[in-house]
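User: I am new to this structure. Could you walk me through a few of its local features?

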Amino acid sequence: MKKEQVIITLMAAFIAGYVWGRQAIKSSPAGAALAAAEATAVPGSVSPPPAAAEPAPAPASPPPSAPAAAPAPAAQPAQNNAPADPNQIWRVAIDPADGRKGPDSALVKVVVFGAFGNQETVDFAPTLNDVLKTFGDKVQIRFKQKVIPAPHPDAQMAAEASLACQAQGKFWAFFQAAIKTTAISRSTVEDAAKAAGCDVAKLNADLASGKWRGQALKDSLLANEVAAHSYPNIMVNGVRLAPPKTWEHLKPLIEEQLKKAEAAVKSGTPAAKIYDEAIKGGKFFEQTAGPAVKIATDGSPMLGSPSAKVEVEVFEDFQCPFCSKIAPSIKEFQKRFPNDVRIVYKHMPLTDIHDHAQQAAEASMAAAAQGKFWEYHDILFANQSALDSSNLETYAQQAGLDVAKFKADLAKGVGRDLISRDANEGRQAGVSGTPSVFINGLRYQGPKGYPPEGLEAVARAYMGLK
């Protein structure tokens, strides 16, 4: 064999051996870890997400706009996901108003976060009958309303109706009648109430007065606080039922928690204290972030009573598409509580990425000088793709402004100092993107997307809104 052929043969054998060896390493556990580490080290690569005990929550609202040099964190805390640890305890508070079946003295409480009109809750409901049939008075079922966001247009109404029936001692009968189908309406709810033996006239009076609205929203906020994002979400003495959410999977979890509870009673814990002890110290996500910051409001555009107990401070950019999406929700929340909620608009033009943001902000203050800030605010958000100078003047006409005065004020920079103050204040408060929402100086971390019901729930739970 010629020398050249020997060299080529040796080189081919070496390459084949190297490739085989690399493949064998990658197939091993250690090799998998090494591959993952290598992938992480490559710029632009993405590591696979860790496995979770709970399906990922519904997609969040779009993240805030932010300067390219300083990407903003997500609008909501990323840690609001269920943990991989199946034994994680969650602080799932129970309430005297909860709809329930079974004695309060039961050692195990199965808390179900669900909603009327939601298909997954309807599908799971028969499993609750299996729980009662198998465990009897050893277990109590508590149903928590998960209506933010509402899975059905009448979910909130049905939730309030179920709580009205609970107040009459008829919750379980109502639940059994109403949860059979996702087709809910005022008439089907009344039919379920009649079948349950509820006083329908009293129920309708409660619905008209909104007596149970706050309780239903409180339940939904609790769902967010304990990362109960999917439907239904089941907690057994504070431990989440991981998928698959079936009777075969739930039964052993209840048995495990029942053994722990019985052992605790034998050790001296009073039966009435078992649940509180089980969830004490459990994981819990606050829906506002502190400490509270002092946010200047003098000169800022405001909507609502100056004496309102709840102040929503919103840092926004008129060219930010996410700001335009949440603006109607913020205004709807204030509209529902005109005497108790005030909106304060704070300017945060992201000039690094939005070329018309500063000019639009200044134009809005020229409109504010004529008492038309909110009218102009709405027009700007409705026309974000056309914020050049000529269009800003056109919008001034549409808002009913004195256009000559508007142009003069815009030329001399009316409001420019206030815009600069707002932006500096926002940065000092940790705002790096828009929209960023504070309530009474605390950063909002409630239900994603800033739905008006989420803002209301946070204000009720943390600020005493009634």
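This is a predicted model: local features need pLDDT of at least 70, side-chain atom pairs count only at pLDDT 80 or more; totals for chains, interfaces and linings use all residues.

User: Where is Lys 245 placed?
Analyst: Two elements flank Lys 245. One is strand E5 (239-240) and the other is helix H9 (247-266). Lys 245 lies in the loop between E5 and H9.

User: Which residue's backbone oxygen does the side chain of Lys 245 reach?
Analyst: The side chain of Lys 245 has a polar contact of 2.6 Å with the side chain of Ser 230. The backbone oxygen reached, at 2.6 Å, belongs to Pro 232.

User: Is Ser 329 buried or exposed?
Analyst: Ser 329 sits in helix H11 (residues 321-336). Leaving out residues up to four places away in sequence, Ser 329 touches Tyr 450, Pro 451, Pro 452 and Leu 455. Its relative accessibility is 16%. Buried means under 20%, so Ser 329 counts as buried.

User: Are H4 and H7 parallel or oblique to each other?
Analyst: The axes of helix H4 (residues 155-167) and helix H7 (residues 200-209) come within 9 Å. They cross at roughly 130°. The crossing of H4 past H7 is right-handed. An angle over 145 degrees would count as roughly antiparallel, and 65 to 115 as roughly perpendicular. H4 and H7 are therefore oblique.

User: How many residues in the contact of H4 with H7 are charged?
Analyst: From H4 come Met 157, Glu 160, Ala 161, Ala 164 and Cys 165. They meet Leu 203, Asp 206 and Leu 207 of H7. Six of the contact residues are nonpolar, none is polar, and the charged ones number two.

Definitions and conventions
Residues are numbered from 1 along each chain as its sequence is written. Side-chain values use heavy atoms; hydrogens and water are left out. Helices (H or I, at least four residues) and strands (E, at least two) are DSSP runs, numbered from the N terminus. A polar contact is a pair of N or O atoms within 3.5 Å; within protein, one must be able to donate a hydrogen and the other to accept it, and residues adjacent in sequence count only if both atoms are side-chain atoms. Buried means under 20% relative accessible area, exposed over 50%, partly exposed in between (1.4 Å probe, protein chains only). Contact means heavy atoms within 4.5 Å. Axes are lines fitted to C-alpha atoms, for helices over the stretch in contact, and angles run from 0 to 180 degrees between N-to-C directions. Angles under 35 degrees count as roughly parallel, over 145 as roughly antiparallel, 65 to 115 as roughly perpendicular and the rest as oblique. A crossing is left-handed if the near helix is turned anticlockwise from the far one by less than a right angle, and right-handed if clockwise. Ala, Val, Leu, Ile, Met, Phe, Trp, Tyr, Cys and Pro count as nonpolar, Asp, Glu, Lys and Arg as charged, and the others, Gly among them, as polar.
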